[in-house]
Amino acid sequence: DQQVKQNSPSLSVQEGRISILNCDYTNSMFDYFLWYKKYPAEGPTFLISISSIKDKNEDGRFTVFLNKSAKHLSLHIVPSQPGDSAVYFCAASAAGSARQLTFGSGTQLTVLP
Amino acid sequence: KAGVTQTPRYLIKTRGQQVTLSCSPISGHRSVSWYQQTPGQGLQFLFEYFSETQRNKGNFPGRFSGRQFSNSRSEMNVSTLELGDSALYLCASSPDRVEVGYTFGSGTRLTVV
């Protein structure tokens with residue numbers, strides 16, 4: 001039972017354009033959503049998070065949008081740079097005394113120069 | 001500020017053996033989590049420790065165990081290794097505030113032969 005889904009295994013974008021990575025979830029108990037970037041042979045790097053009480057959070061070139069009614073979130077990267085090429089994971093966490101992250105399967109983003 | 005340190009980086013073990021992996025979290029972080037990453041199952045939560053207590057455990061067999069010491073350093077142990085245990089094992093530390101994300105180490109690549 002995949003509670004967090006990233007349906008696009010890969011995405012290619014031209015440098016300078018917008019990259020949009022999508023994520024869907026099924027568990028209504030999730031109250032925080034996070035995006036991570038991962039390079040080969042390294043651990044995931046935290047990018048940005050959003051609380052379920054918000055619908056948008058921005059940090060520099062990265063913006064995350066949350067649509068609770070559709071159980072959908074997206075990460076926008078503007079402008080995209082070749083260094084952004086990596087696997088992007090969406091993750092979710094439910095409220096409780098001990099937090100665990102439930103990850104999606106990841107989307108490989110390739111930014112073409 | 002030093003990041004999350006995992007040792008060793010690479011490990012080769014034989015089926016039936018046991019293995020211990022180590023994780024030193026960021027100074028001041030009292031929450032340490034472990035994740036397993038495989039090509040087929042993605043990133044899956046193993047367990048989380050806070051102040052030497054296991055607060056949460058994922059859906060893994062009892063062969064997987066862990067502990068946390070008073071200095072927040074953590075170890076995980078896998079007994080009676082199986083070929084399917086070959087994976088990248090990632091440790092993440094957190095100040096116990098999900099909105100700031102978890103900081104992951106580079107992982108230990110375990111190969112079981």
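**A sheet, strand by strand**

Tutor: In this predicted model, strand E6 (residues 56-59) of chain A pairs with E7(A) in the antiparallel sense, over four bridges. One of the facing pairs is A:Asn57 and A:Val64, the latter in E7(A). E6(A) and E7(A) form a hairpin with two residues between the strands. A:Gly60 in this hairpin takes a positive phi near 65 degrees.

Now step across E7(A). This strand also pairs with E8(A), again in the antiparallel sense, and here there are six bridges. A:Thr63 has A:His76 of E8(A) as its bridge partner. A:Leu66 stands opposite A:Leu73, also in E8(A). E7(A) and E8(A) make a hairpin too, with four residues between them. In that turn, A:Lys71 has a positive phi of about 50 degrees.

Next comes the other side of E8(A). E3(A) pairs with E8(A) in the antiparallel sense, over six bridges. A:Ile20 stands opposite A:His76 of E8(A). A:Cys23 has A:Leu73 as its bridge partner in E8(A). So what do A:His76 and A:Leu73 each face? A:His76 faces A:Thr63 in one pair and A:Ile20 in another. A:Leu73 faces A:Leu66 and A:Cys23.

Is E8(A) enclosed or open to solvent? Five of its six residues are buried, so E8(A) is largely enclosed by the rest of the structure.

Beyond residues up to four places away in sequence, A:Leu73 touches A:Leu21, A:Asn22, A:Cys23, A:Tyr25, A:Phe33, A:Trp35, A:Val64, A:Phe65, A:Leu66 and A:Cys90.

A:Leu73 also belongs to the largest nonpolar core, which has 23 residues. Along with A:Phe33, A:Trp35, A:Leu75 and A:Tyr88, A:Leu73 touches the most other members. Several strands of chain A each supply at least two residues of this core, among them E3 (19-25), E7 (62-67) and E8 (72-77). The largest share, four residues, comes from E9(A). A second, separate core has 21 residues, including B:Trp34, B:Leu46, B:Phe47 and B:Val78.

B:Val19 stands opposite B:Val78, which is in E8(B). The strands concerned are E3 (residues 19-24) and E8 (residues 74-78) of chain B, paired in the antiparallel sense over five bridges. They belong to an open sheet of four strands, ordered E1-E3-E8-E7, with antiparallel pairing. Strand E1 (5-7) and strand E7 (64-68) of chain B are at the edges. Each has a single partner strand, so one side of each has no neighbour in the sheet. The twist averages 20 degrees from one strand to the next.

Last, the contact between the chains. In all, 18 residues of chain B are in contact with 18 residues of chain A. The area buried between them is about 1600 Å², and carbon and sulfur atoms give 59% of this. B:Leu43, B:Val98 and B:Tyr102 supply 34% of the area that chain B buries against chain A, more than any other three residues.

Conventions: Residues numbered from 1 in each chain as written. Chains lettered and ligands numbered in written order. Predicted model: local features only at pLDDT ≥ 70, side-chain atom pairs only at ≥ 80, totals over all residues. Heavy atoms only, no water. Core = buried A, V, L, I, M, F, W, Y, C linked by side-chain atoms within 4.5 Å. Buried < 20%, exposed > 50% of the residue type's maximum accessible area, 1.4 Å probe, protein only. Contact = heavy atoms within 4.5 Å. Pairing = 2+ DSSP bridges. Axes fitted to C-alpha atoms, helices over the stretch in contact; angles between N-to-C directions. Buried area = accessible area lost by both parts, 1.4 Å probe.
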